[in-house]
Amino acid sequence: MKIFHREKYLEKIRGFYHDTGIIKVITGIRRCGKSCLMQSIADELQAEGVPAKNIVYLNLDKRGFKSIKTPEQLEKSIDSFCTASGTKYLFIDEIQNVKGFEEVLNAYREDEEYSIFITGSNSYLLSGELVTKLTGRYLEFEMFPLTFEEYLEMKAFKKLPVSPDVTEELDRYIMEGGFPKTLDYPNTEDKRRYVQGVIAEILEKDIKKRTKLRTVSVFNTIQTYIINNFGSTTSLTNILNDLHKAGCNITRETLNRYIQILLDAKILYKCSRFDLKSRKSIAGEQKYYLSDLGFYFATNTDNRINYGPVLENIIYLYARSKDYSVSVGRIGKLECNFIMRNQESQYSYVQVAMTIMSSLDTENREYKPLESIRDNYPKYVMTRNDIIQKRNGIIHANIGGFIKEHKMFT
């Protein structure tokens, strides 16, 4: 079966395909496409001439491998499949199903005959033993659900109709989300039912099994609250007050722990504040963005799009998928939606708005924070579908076209 190759991730990993001294760790929320990425790597290795017998793939969630739960069982299984001479390419899906897998992988890594690739659905994979025992011997490659340009490319790959109107497709992407499997369902209700299933699977496999939830109903209340308020500037104190008003009386410690669980499960991403004047992070206030917009529409009956946070969420995930570090900016009393820093420590500043054409006040509100920044790093105003403007060297772009063309904030 032909699979869609997600080039933005493959190009990050290619340089390490044959490195037997580094374990390649692919993380990301469940159903974002990690298994297909590993299959893509295996396909490329075979195309390079690596014999099929030297490529071993173990999916520990699949029938035939689900019974592998101990390090001894894992080692026995690997040895039974890895019988070829020369470098073996070992792919293990959902490695966290085996408690104590770290020492097994380290032993094979030290043999210098195995190029090892593993996946895990959450941050528990990169906590504790893996970090302490394999420091400097692994690299993490984080995956996200489909960003907008991948959504368009995958639709074309599957020979699904793609509108020539990029804004129309952007709105469709907003409503459907970016889980690759949703493209297999033409019906919107089926897509949302699938995303609801992903949420349930994360709760069962990544949360209940690995954390002690005192009350699942309280956890669900917190999850629903934050999903419904994604993209809003908030703090633990504000969330706690709102929950108390709604009759959910929990402690600050419990709230903090439950939010961390949602972050570890990669349902949420935290975007902290950064003060441009002091060049320091600001403790307390932050925004939370969703790993996929499908979570919002699958858990709400309201189909109206609140473009402000939605477009911010799209830009945030796109930037993260391009390896930018992203913060919410403060410039005195003004706020800049995003301060981005690339791998070369170069900054860019981004304002996001549904439109700047409704009034001069609206236009000024979006441009003023950027105009007050006194350095020469690039500055952007990103909108949904406006006539492109020019003002004081600030780059104005429409989000759909910008992302479709794989542009960078540089």
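# A walk through the model

Glu 112 is exposed, with 59% of relative accessible area; here buried means under 20% relative accessible area, exposed over 50%, and partly exposed in between, worked out with a 1.4 Å probe on protein chains only. This is a predicted model, in which local features need pLDDT of at least 70 and side-chain atom pairs count only at pLDDT 80 or more, while totals for chains, interfaces and linings use all residues. Residues are numbered from 1 along each chain as its sequence is written, and side-chain values use heavy atoms, with hydrogens and water left out.

Let us stay with Glu 112 for a moment. Glu 112 belongs to the loop between α4 and β4 (114–120). The names of such elements come from DSSP runs, numbered from the N terminus: helices are H or I runs of at least four residues, and strands are E runs of at least two. The backbone angle phi of Glu 112 is near 60°, a positive value in a residue other than glycine. Glu 94 also has a phi near 60°, again positive in a residue other than glycine. You will find Glu 94 in the loop between β3 (88–93) and α4. Is Glu 94 buried or exposed? Glu 94 counts as buried, because its relative accessibility is 7%.

With 14% relative accessibility, Asn 106 counts as buried. Apart from its neighbours within four places in sequence, Asn 106 is in contact (heavy atoms within 4.5 Å) with Lys 133, Leu 134 and Arg 137.

Now turn to Lys 24, a residue of strand β1. Lys 24 is buried, and its relative accessible area is 0%. What does Lys 24 touch? Not counting residues up to four places away in sequence, its contacts include Ile 13, Phe 16, Asp 19, Ser 115, Phe 117 and Phe 141. A charge sits over a ring if NZ of Lys or CZ of Arg is within 6 Å of the ring centre and within 35 degrees of the ring normal. Lys 88 does this too, lying over the face of Tyr 114 at 5.2 Å from the ring centre.

Rings of Phe, Tyr and Trp (its six-membered ring) pair if their centres lie within 6.5 Å; planes under 30 degrees apart count as stacked, over 60 as edge-to-face and the rest as tilted. By this rule there are 26 aromatic pairs. One of them is the tilted pair of Phe 16 and Phe 141, at 6.0 Å centre to centre with 55° between the planes. Phe 16 lies in the loop between α1 (7–13) and β1 (23–27) and Phe 141 in strand β5 (residues 138–142), so this pair ties together parts that are 125 residues apart in sequence. Phe 16 is partly exposed at 27%, whereas Phe 141 is buried at 11%. Tyr 185 and Tyr 194 form a tilted pair as well, because their ring centres are 5.9 Å apart and their planes stand at 40°. Ring pairs also link Phe 144, Tyr 269, Tyr 289, Tyr 316 and Phe 338 into a cluster.

Next comes Leu 37, which is found in helix α2 (residues 34–48). Leu 37 counts as buried, at 2% relative accessibility. Beyond its neighbours within four places in sequence, Leu 37 is in contact with Arg 6, Tyr 9, Leu 10, Ile 13, Ile 26 and Met 143. Leu 37 and Thr 119 are 82 residues apart in sequence, and their C-alpha atoms are 9.9 Å apart in space.

We finish with two helices. Helix α9 (residues 216–228) and helix α10 (residues 236–245) pack at an angle of about 120°, with axes 11 Å apart. These axes are lines fitted to C-alpha atoms over the stretch in contact, and angles run from 0 to 180 degrees between N-to-C directions. The contact is made by Thr 221, Ile 222 and Tyr 225 of α9 together with Asn 238, Ile 239, Asp 242 and Leu 243 of α10.
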